[in-house]
Every structure is written in C-alpha cells, then in structure tokens.
Amino acid sequence: CLLQDVAAVVRAAEQAAVSALVVVSERAAEFRSVVELSERFPGFVLPCLGVHPVQEVSPEEQRSVTLKDLDAALPLIELYKDRLVGIGEVGLDFTPRFASTDEQKEGQRQVLIKQIELARRLDLPLNVHSRSAGRPTINLLKEQGATRVLLHAFDGKPSVAMEGVKAGYYFSIPPSIIRSEQKQKLVKQLPLENMCLETDSPALGPEKQVRNEPKNIYVAAEYIAKVKGIPVGEVIEVTTQNALKVFPKLQHFLRI
C-alpha cells in the first residue's frame with residue numbers, strides 16, 4: 001500500500017531507529033511505484049517485485065492469480081532486476097473465497113514455481129505469503145529447491161513451520177503478535193535463529209483496524225523478547241543478522 005503521507009511515515013521510521021525498509025509489491029501495476037519509492041528514498045527504501053497469489057480486480061473485488069498476470073510482470077522484473085533485493089510478495093493463498101477450486105490452486109502453484117525459478121536465476125531471495133496454505137507452500141518451495149526464503153506472517157501450525165526451519169527458511173513476525181495467539185505459539189517454538197522482524201504495513205499492526213507503520217517494528221521485537229525471556233537487544237541483533245542472511249544486498253545499506 002503506497003501511502004499519500006509516505007514522507008512522514010519514512011521519517012517516523014527513521015526516528016524509531018529503523019535502518020531500512022524492504023518494500024514488496026503484489027502485482028505488475030505497482031512495480032513502477034515501488035521502484036519510484038526506492039528512488040525517492042535511496043538506500044532506505046529497498047524494493048522487491050513479485051506477483052502475489054491474490055490479485056485485485058477493484059478495491060472491492062479480488063481473485064486468484066493466473067499465469068497471465070505473471071506474463072505482464074516478468075518483463076518489468078527483468079528491467080529492474082539490478083535494483084531489487086528480493087522477489088516478492090509471492091506464494092500461495094488457499095483462502096476459500098480466493099481459491100475454492102483445484103484449478104485455481106494449481107494456477108497459483110504454477111505462478112509460484114515460475115517465480116522460484118526466476119529468483120534462482122537472478123540470485124535473489126523470496127518473500128513468501130502462505131495464508132491457509134502453510135504446508136503446501138513449504139512443500140512446494142522445498143520441491144523446487146528454493147533456498148533463501150522468508151515466510152512472512154505465517155499463519156500455520158508451529159509443527160508445519162518447523163518443517164521450514166529444517167529447510168533453512170526464515171519466518172518474519174509482525175507487531176500483531178501482541179494480539180495473535182497463533183503468532184505467540186509460533187514464536188515459542190521457532191528458534192530465534194530463524195526469525196526476522198516485519199510490520200506488513202499497513203496491515204498486521206498492534207491494534208486491529210488501525211493503520212500499521214514501519215515504526216511499529218519494535219513492538220514485535222519486544223514481544224518476542226518477552227516470549228523468549230531474553231533482552232530485546234538480543235532479538236534485534238539476531239533478527240538483523242538473519243535479515244542479512246536472507247537479503248544479502250541489505251549489507252550495502254545498513255549502518256550497523
């Protein structure tokens with residue numbers, strides 16, 4: 001979501017000691033705006049381009065992705081490939097209102113497979129969405145040989161997440177953990193060495209139906225520290241190092 005008051009949002013993030021923002025896209029129509037945002041805030045806003053499993057038809061209507069959506073996106077990803085820190089947001093979303101048929105689910109799988117292949121060819125990590133599809137997403141990533149993977153806001157069972165941990169995948173935790181029993185259970189079981197921080201702004205904030213912002217990332221760090229019984233500074237240090245492992249290009253921008 002590209003905000004009208006983006007300069008104020010970026011300024012608030014900087015004041016909250018955020019070092020960089022990884023910004024993802026969901027459809028080809030957003031790509032240019034994401035790249036322009038990175039040009040407006042060079043070295044702070046870092047772009048990922050990818051095609052999400054749910055595509056917006058209008059503000060009121062969404063549908064499952066198809067290979068046709070990817071066809072429009074691939075030339076633009078090639079155009080901007082040298083500026084990208086990752087491919088995303090990609091993945092599977094088997095929420096019944098978006099993917100109620102086997103054909104729709106298979107369409108999503110094919111789009112994800114092609115983006116896994118693209119990420120491998122460009123040597124870029126994947127930022128992955130997996131709503132109502134945790135196990136199928138992790139299984140497909142493993143089958144396709146994906147290695148550098150960040151599963152964001154994972155909504156599956158901790159036991160399924162641990163299959164991702166065994167594959168070397170990372171899981172990013174949003175500020176909504178303070179009001180999500182599922183996320184709290186997930187963090188209890190996940191090793192800190194496989195966690196990153198995220199906000200998923202404007203969604204998944206500490207307060208439901210209140211716009212989230214990058215400055216709230218500290219909320220996630222504090223809650224993880226509370227669950228793990230460790231200092232928040234340790235959470236920030238380890239998750240930052242994890243982010244650098246997933247997104248090696250961040251090293252050029254972080255002042256740490």
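Entry one, the site. I started from His152, which touches Glu89, Asn127, Val128, His129, Ser172, Glu198 and Asp200, leaving out residues up to four places away in sequence; contact means heavy atoms within 4.5 Å. I noted that this is a predicted model, where local features need pLDDT of at least 70, side-chain atom pairs count only at pLDDT 80 or more, and totals for chains, interfaces and linings use all residues. Residues are numbered from 1 along each chain as its sequence is written, and side-chain values use heavy atoms, without hydrogens and water.

I placed His152 in strand E7 (residues 149-152); strands are DSSP runs of at least two residues, helices of at least four, numbered from the N terminus. His152 is buried at 6% relative accessibility (under 20% relative accessible area, 1.4 Å probe, protein chains only).

I checked the record next. The UniProt annotation "binding site", from an unreviewed entry, covers His129 and His152. The two are spread over 24 residues of sequence, yet they cluster in space, with a largest C-alpha distance of 5.9 Å. Such annotations may be inferred rather than shown by experiment.

Then I turned to His129. I found His129 in strand E6 (residues 126-129). His129 is buried too, with a relative accessible area of 8%. Beyond its neighbours within four places in sequence, His129 has contacts that include His52, Glu89, Asp93 and His152.

Entry two, composition of a lining. I sorted the residues lining the second largest pocket into seven nonpolar, three polar and four charged. Strand E2 gives the most to that lining, with three residues.

Note on methods: Buried means under 20% relative accessible area, exposed over 50%, partly exposed in between (1.4 Å probe, protein chains only). Ala, Val, Leu, Ile, Met, Phe, Trp, Tyr, Cys and Pro count as nonpolar, Asp, Glu, Lys and Arg as charged, and the others, Gly among them, as polar.
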